[in-house]
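Dear colleague,

I am passing on the structure we spoke about, and below it you will find my notes on what turned up in it. Please read them with the structure open beside you.

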Amino acid sequence: MARIIDGNAVAARIREEVKAGLAGLKADFGVTPGLTVVIVGEDPASKVYVSRKHKACEELGIKSAVIRLPADIDEEALGAAVDSLNDDPAVHGILVQLPLPKHIDAEKVLDRIRPDKDVDGFHPLNVGRLAIGREALVPCTPHGVIRMLELEGIQIAGKRAVVIGRSNIVGKPMANLLLARNATVTVCHSRTPDLPAVTRQAEILVAAIGKPGFVTADMVAPGAVVIDVGINRVGDKLVGDVDFERVKEVAAAITPVPGGVGPLTIAMLLHNTVKAARLQLTK
Ligand SMILES: Nc1nc2c(c(=O)[nH]1)N[C@@H](CN(C=O)c1ccc(C(=O)N[C@@H](CCC(=O)O)C(=O)O)cc1)CN2
């Protein structure tokens, strides 16, 4: 049976690293970094995630603020709120919680965040810098997966990695991060012919599709490392994109849902907030 990777334990180790980074910022510049999260509307899951982000900041000693805006706010008013955070020197990190209401063009709003305050790493400048191997603020979830592999002692260089899903938030940055660490990377998606034949080649398989139980045991090579990025609500249960119970019998290591990749998203946000502050202070 596979080793079950404990995402909460990995997140705790990352928070210790962030603590050291915070102490370094204090010592070098006398600064405590500030993160502001903007949430629009009343999506229940988003509210939970935003309050977890706030709590995680407070626990570590990062200044945290949450701006709550009504669901019917127009795009320009939301953009103006971002502009004022861009101009506020006490705010080192800005995050607009997704999803946004349908009438708002999320891309336009995210593009308005100053790239050096873009702690989500979604701004085209950060996306491009990551793609060409330059220093960047990197999306939290895929960066968390990389840190998890590293801290768990799982080798990436020289491995065949397959990423299922090509979203801008997870799939594409995940592929770029694995490539930057010298994996041989294949990205699969809804138009990939014979997807199981491709996934069976993977030594590291990352599932980021958003379909409960999509990855079945016959799609996984014996001894593979399986990382489940899916967070799907089925009834009152939270399940991943991987059929955990069966795949764990085939894989060498696997992440559960909940308790796998999810906790790393917030830990890496803390990391990015400290990194953003340092970027701004050393300009
Ligand atoms: N601006 C952003 N919006 C969203 C992001 C993001 O990275 N930036 N990611 C997701 C939501 N998200 C953070 O915002 C997030 C998702 C899941 C978890 C987490 O800890 N999951 C736990 C279980 C949580 C539960 O019980 O509901 C787990 O998997 O163990 C944290 C943050 C979409 N929006």
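**Strands, domains and a helix contact**

Glycine 34 has lysine 63, in strand β3, as its bridge partner. Please bear in mind throughout that this is a predicted model.

That bridge belongs to the pairing of β2, which covers residues 34-40, with β3, and the two strands run in the parallel sense and share seven bridges. They are part of an open sheet of three strands, ordered β3-β2-β4, in which the pairing is parallel. At the edges lie β3 (63-69) and β4 (93-96), each of which pairs on one side only, and from one strand to the next the twist averages 15 degrees.

As for the chain as a whole, the domain assignment gives domain 1 as 30-114 and domain 2 as 140-262, and the centres of domain 1 and domain 2, taken over C-alpha atoms, are separated by 28 Å.

The other finding concerns two helices, α1 (residues 7-29) and α6 (residues 140-151), whose axes come within 10 Å and cross at roughly 95 degrees. Because angles of 65 to 115 degrees count as roughly perpendicular, α1 is roughly perpendicular to α6.

Notes. Residues are numbered from 1 along each chain as its sequence is written. This is a predicted model: local features need pLDDT of at least 70, side-chain atom pairs count only at pLDDT 80 or more; totals for chains, interfaces and linings use all residues. Domain bounds come from an automatic or database domain assignment. Axes are lines fitted to C-alpha atoms, for helices over the stretch in contact, and angles run from 0 to 180 degrees between N-to-C directions. Helices (H or I, at least four residues) and strands (E, at least two) are DSSP runs, numbered from the N terminus. Angles under 35 degrees count as roughly parallel, over 145 as roughly antiparallel, 65 to 115 as roughly perpendicular and the rest as oblique. Two strands pair if DSSP finds at least two bridges between them.
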